[in-house]
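Student: Could you show me how to read a few features of a protein model?
Tutor: Gladly; let us look at it together.

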Amino acid sequence: MAVDTLFTGGRIRTFDPEQPWAEAVGVTGDRISYVGSAEDAPAARTTVELDGRLLTPGVADTHNHLLLGFDDLAVSLDQVQSLDVVRSRIAAFAERHPELDWICAENALYSVVEGRRPNADDLVGVTDRPVFITTYDQHSVWLNRPALAKLGILNGGDIAWGNPEIDAATGEPTGWVTDFYTSAMTVDGLAELQRDIPLYSPDRRYRKVTNSLDMAARFGITTVVEPQVPLAELDLFARAEREGKLTSRTIAAIYHPAAADADFRRRITEAIRETPQHDRFKLGMVKLYADDVIEPHTAAMLEDYANRPGHRGHTSLEPTEFTKLFVELDRLGYQVHTHATGDWGIRLTLDSIEAAQRANGVRDARHGIVHVECLAPEDLPRFERLGVVAAMQPRHASPDLVAGTWMENVGEARWDRAWRFRSMIDSGARVTFSSDWQVGEMDPLVGIYSAMTRARLDGRDAWTEDERLDLDRTLAAYTRGGAEAFHHEGGLGILREGALADVVAWSGDLYGMEPAEILSQRAELTVVGGRAIHDAREELPAQ
């Protein structure tokens, strides 16, 4: 019996332990119906000749902030290293857009001002309108003086979406706001942002979601996990489904603020029960924060920051309260993915998972720890022992992002704790790789290169090289690892008869390339459930 589509004539990596490689893959409907030799392959209505290209399972980008995609009415400061360039870009944008009440910018680097955090004085003379700038990791905000005045911060007012930094000498706000992302996605924080900052209007947030999904399709991403959705924004995904924009399979994790109570948890349960779920959209995960991030010294560290004696950051809750919350979420049956970057934050999360297992019994929860940026050596084996998923981002380990602020804050003596990809995989722990878009580029090929080199994109300054990976283990973490993280093994992340037909054809055979060559490749065909969502060569019939 003929299959709908047959892929043949190239390298096919299945990630099926029983048949790791194949010569041909057939698809019937939304499922894989044949994996094997080209000689024995069935007839097909459509044949895709790979011509030596690589075919793999589709990429599962398990930490991709669809809601934070680039905004066309905001200034991009991506990779800008100079304050002068920041000022000139914002000034030029303000001049081009006299109709905007606020000037918003995205993706600023912490190190754009050497030796200190940026402040409002750095933006004096750029524009007389309020300026709102998010950092590349979305955990801090930079405001100018008109913005401080407009928001009432200059007069001592509070905001619900962050903690304004106060100059110890003058008692005045500096224009820097920490703990932004953990506060911005609370009910009150999001409401204030939507009221005051145009960047957060529902329509602009929806455009970010759909633009990000378009990018995901082009990059070979067939499953994407939005790791932090406020309850108030779940309807954006329902709108995307209605309008035919939900192309990749999407899993949404509901954000649980650290201070939320039992009533909020009841609302999560109701949302999971009442929100329509189907093969392209699922709920079920809950997102917690154990700490913040290392760059502004707000991640929780076991020892003092190297360049700030006496300071170790902070946990999101007092440790016993965090553990109590985690045990309760586990008791309710949630799969919890917890942001933890500092070694203390990671240890607290592992301790809380262990406490949950003692209190509630051991189950195959696959709780995850997201980022795992600075890991104490004695905590490494606990991931495998406790069944914890390490949800990591290879691009974060690139000196393009961490040279300067991150490296200096942690200190060279602890660099061997940084993003321990190889050690984690060698330990037997479940590992999934992702982009953390828009903190890092969404293209998984950039992440693959970073995992293999631990260098800048231009090849310079490789560091902590003992943690480099080969291509095969890296691809496994982006495909099979992503499926396993969310209990989808057997159905996704693998090319096996009966599995869902989510595949990607790359522009060349990645296994025959040096890492630098991989950066010039692309996904040419992305298929979800047997249907193309991206087809650069127009190889499949339009549907």
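We will talk about a sheet, a helix and some aromatic rings.

Tutor: A note before we start: this is a predicted model, where local features need pLDDT of at least 70, side-chain atom pairs count only at pLDDT 80 or more, and totals for chains, interfaces and linings use all residues. Residues are numbered from 1 along each chain as its sequence is written, and side-chain values use heavy atoms, leaving out hydrogens and water.

Student: What is the strand order in the open sheet of six strands?
Tutor: Strands of a sheet pair through backbone hydrogen bonds, either parallel or antiparallel. Here the order is 7-8-9-10-12-11, with mixed pairing. Strands are DSSP runs of E, at least two residues, and helices runs of H or I, at least four, numbered from the N terminus; two strands pair if DSSP finds at least two bridges between them. Strand 7 (75-76) and strand 11 (163-166) are at the edges with a single partner strand each, so one side of each lacks a neighbour in the sheet.

Student: Which residues of helix 14 are buried?
Tutor: Buried means under 20% relative accessible area, exposed over 50%, partly exposed in between (1.4 Å probe, protein chains only). In helix 14 (residues 444-453), 10 of the 10 residues are buried, so the rest of the structure largely encloses it; among them are P444, Y449 and T453. Just after helix 14, R454 takes a positive phi of about 55°.

Student: Which residues form one aromatic cluster?
Tutor: A pair of aromatic rings is described by the distance of the centres and the angle of the planes. Rings of Phe, Tyr and Trp (its six-membered ring) pair if their centres lie within 6.5 Å; planes under 30 degrees apart count as stacked, over 60 as edge-to-face and the rest as tilted. F132, W161, F180 and Y200 form one such cluster. Both F132 and F180 are buried, and F132 and Y200 pair edge-to-face, 6.1 Å centre to centre with 80° between the planes.
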